[in-house]
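This report concerns aromatic rings and their surroundings in one protein structure. Please have the sequence and the structure at hand while reading.

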Amino acid sequence: APENSVAVLPCLNLSGDEEQSYFADGLAAEVITRLAAVSRLRIASHTSSFSFKGQSISLQDIADALRVRHILECDVFGDESRLKVSARLVDAESGYTLWSRSYNHMKAQLFDVQQDVARSVVDNLEIELAARERALVSRRWTEDSEAYDEFLQGRSYTVGFPTEERINRARSHFERALALAPSFARAHALRAGTWIVVGNFQFEPPGKAYAEARRLANIAIELDAELYESYWALGWAELSGRFAWQDAQYNFRKTIELAPGEWAGYHSLGYVLGALGKTEQALEAARIAIDLDPLAFWPRHGHRVLLTRQRDYAAVIPAVEDMAEIFGWNFCLQGILTGALLRAGREEEARAALTRLEAMAAKDELPPLGLAQIYASFGERDRALALYEDALAIQERTLGPADPDMASTLNNIAIIRVKLGDYQTACRLHERALAIREAHFGPDHEWVAESLNNLSTVLGYMGQYDRSL
């Protein structure tokens, strides 16, 4: 672990009120945000440090897992008006407390506590700050304490794996914060980030989501040009919404410039560099993201995606195994491993992995289309077709043949048909998906464009280039 490295653990909530846990978590997360601006400090991102919340693990073991030398702990006790915080910086190697302090302030003085804790960490590690870093460490995001409280509640729902319910709750809190303080730039920035998640996970039409993210990110930048979250959201809006690679790259590099200790900028930059064919730079960015947040899912997922796109299946296999060791095996990871082993020429191991995949699939009521794709890769045509016919029948009974969700199922089945070389059937499935989406969304909707793109691709495989164009 580098000498100048620290992990900020989630603060212990001693108030006895579980509903106040967002406040304790928010205090720790905001200290991390401030310290992430310091280029000479390696700060474990909140995803990794928060993974130890509620666990009885020694500080030395936590430090080893996060590859840091120092641990910052804090306890929070407070009510609606007053705030009591105890903070201490510990050298995990020696066990000595390097610094400790107690605060007893009005809750509205939360920024003073954050600033003092962050500066004390920097001072005790004897890190000299550049003028810009000093300003970023000492920021006050808003003078409206009620708006900031809403902001912290919203932020608490952005931690962990995103679900539609969590993202909607985060958005509602950010909206209330902005109703109280319209010029609260950071609330605009994180609200923009929630729209990126909405678009990437298709909770709502992606075009609408990325356009809203772009609008909010630009508002945030106009209000405050020093927020890394704004540039991160704008980068993804350009990447996923417009495929504007160079604009996305600029914004992700700006993210890294403002928060060199955050993994998000490096992880996102890796996607862009990979798309631009800068393979080694992309992999290096992905490795930095993992180093900054070794226990987070997305940096490792991004690294694995880059390796897969390079068809480096020998490297994909240990990457997947590392992910499974941290997050546990699931159907998706097991399927990726099975395919990678097959493509790496390790057929006997791939068959054993397929057996484990089949055992996982047996627990599901709906035969997974992913398993059908694996069978198709193994050349087991009959088993792949039987699975997808069952899946299609169940989906039609469950959803109805004209439900818009059926279009996604039809697209997935068409992919299996393409793997089997059955382009005619794949073409008919995509045509059916196109008809469902046109009827439901209208001819100018982006998901209609996606179906047209799928159909065009298969027609190209069939040599029908005029129809494809």
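Is W447 buried or exposed? With a relative accessible area of 16%, W447 is buried; buried means under 20% relative accessible area, exposed means over 50%, and partly exposed lies in between (1.4 Å probe, protein chains only).

The model is predicted: local features need pLDDT of at least 70, side-chain atom pairs count only at pLDDT 80 or more, and totals for chains, interfaces and linings use all residues. Residues are numbered from 1 along each chain as its sequence is written, and side-chain values use heavy atoms, with hydrogens and water left out.

A search of the whole structure finds 18 aromatic pairs. Rings of Phe, Tyr and Trp (its six-membered ring) pair if their centres lie within 6.5 Å; planes under 30 degrees apart count as stacked, over 60 as edge-to-face and the rest as tilted. Two of the pairs are tabulated below.

| Pair | Centre to centre | Angle between planes | Type |
|---|---|---|---|
| F201 and W298 | 6.0 Å | 80 degrees | edge-to-face |
| F441 and W447 | 5.3 Å | 80 degrees | edge-to-face |

F201 and W298 are 97 residues apart, and their pair links distant parts of the chain. F201 is partly exposed at 31% relative accessibility, and W298 is likewise partly exposed, at 27%. Both belong to one aromatic cluster, which also includes F161, F203, F297 and F327. In the other tabulated pair, F441 is partly exposed because its relative accessibility is 27%.

Charged groups also meet rings. The charged end of R171 sits over the ring of W195, 3.9 Å from its centre, and that of K254 sits over the ring of Y231, at 5.8 Å. For this, NZ of Lys or CZ of Arg must be within 6 Å of the ring centre and within 35 degrees of the ring normal.

Conventions: Helices (H or I, at least four residues) and strands (E, at least two) are DSSP runs, numbered from the N terminus.
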